[in-house]
Amino acid sequence: MNRRPAALIAAAVLGAVVLVTGCSDESKPVSFDSPGAQSASPKAGSKAPQTPQDKNASEVSAKTLLPTGPKAEFTTQNTLEDGTKIGVTTLHGKKSGFTGKVWVWAPKQYFDPKYAQSGFPVLIALPGGNGYPKNYWMGTDLKLQSSITEWSKEGKSVPFVVVMPVLNPDAKYYYDGSDIPGHPKMGTWMTEDVPDFVKANFRTFKSRDGWAFMGSSSGGFVGLKSVLKRPDQFRAVIASGPDTVPDSPLWAGHEAEKQANNPEKLAQALIDSNGPEVDLAFQIGTKEGGMANLKGFIDRYGKGPVKTHLQVIQGGKHNAHTYIKGMGDGTMQWISQHLMAPIPSP
């Protein structure tokens, strides 16, 4: 079911909003460095930990991946009320060959000294519509980042580092977050270049349990497909109002490659191989289409290692504001229960 034209309209409206969203620090350099984090690894030849503090440090070190570099240069896109920044940089994807913008935000806990040695879970947030040249989650109008701040205070969410790459290489086609033959390798960009970039610049977790996607409409499809295709790397997704099959016109003549990027085929393959386990959270509003298709997907593939959660948003429409509400109503808490949280020092 192709529901992307509606998503494109929503994205165009939201894009108009984020273009006028700004701050006094816009375009100024911003750093996501956290003092003290580079001392997390124990020194070679040191004795086995004896105290609870030493054991905690050892546990954190074993789970945390410190920034590998090289460090990217970020400029400020927006500033939240709590002073945290949404930064932006241009990423030259070494594996895909694609170059595009990536926006990032780190929660206040990331800079708290008691978490200075710990990794943080990563949420790759994808927009609906074409998702080019902007990713509308980088604006402050939708309140994704400020909502995560509040939810984490309430125990409804882990404090994510939020990463917002462009979804497509142009505004003409949907590329389904895939390596469509003869076109930019957007699958490699999304599942390899973007994570490599995050690991280069932020304290993350070594385990896939620290990695998730969130997306609406066409972005929900890409997040869903990416988790099912790379369950070795990603644990979970929040897919809001998504298609469940690829439908880019660029797949013409490449049926085998298309099916290799079909969430339905990928989910069945995961069931047949008995894992690894993935957690798929779906959201849909009562005033948008696609309910029967989404419930059908869950009925057919929500078994074995494929764990599912459905959030039906009363009065909700096919737009990002609806999906933020759904996340606050329960989806974010469900997905956070399956992901790693930062570990404080004693």
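Trainee: How far from the ring centre of Trp 211 is the charged end of Lys 199?

Mentor: Please note that this is a predicted model. The charged end of Lys 199 sits over the ring of Trp 211. Its distance from the ring centre is 5.6 Å.

Trainee: Which residue lies over the face of Tyr 110?

Mentor: A charge counts as sitting over a ring only if it is within 6 Å of the ring centre and within 35 degrees of the ring normal. Over the face of Tyr 110, at 4.1 Å from the ring centre, lies Arg 203.

Trainee: How many aromatic pairs does the structure hold?

Mentor: Rings are paired if their centres lie within 6.5 Å. By this criterion, the number of aromatic pairs in the structure is 14.

Trainee: Are the rings of Phe 32 and Phe 202 stacked, tilted or edge-to-face?

Mentor: Their centres are 5.3 Å apart. Planes under 30 degrees apart count as stacked and those over 60 as edge-to-face. The planes of Phe 32 and Phe 202 stand at 50 degrees, so the pair is tilted.

Trainee: How many residues apart in sequence are the parts that this pair ties together?

Mentor: Phe 32 lies in the loop between strand 1 and helix 2. Phe 202 lies in the loop between helix 4 and strand 8. The parts tied together are therefore separated in sequence by 170 residues.

Trainee: Are Phe 32 and Phe 202 buried or exposed?

Mentor: Buried means under 20% relative accessible area. Phe 32 and Phe 202 are both buried.

Key: Residues numbered from 1 in each chain as written. Predicted model: local features only at pLDDT ≥ 70, side-chain atom pairs only at ≥ 80, totals over all residues. Heavy atoms only, no water. Phe/Tyr/Trp six-rings, centres within 6.5 Å; stacked < 30°, edge-to-face > 60°. Helix = DSSP H or I, 4+ residues; strand = E, 2+ residues; numbered from the N terminus. Buried < 20%, exposed > 50% of the residue type's maximum accessible area, 1.4 Å probe, protein only.
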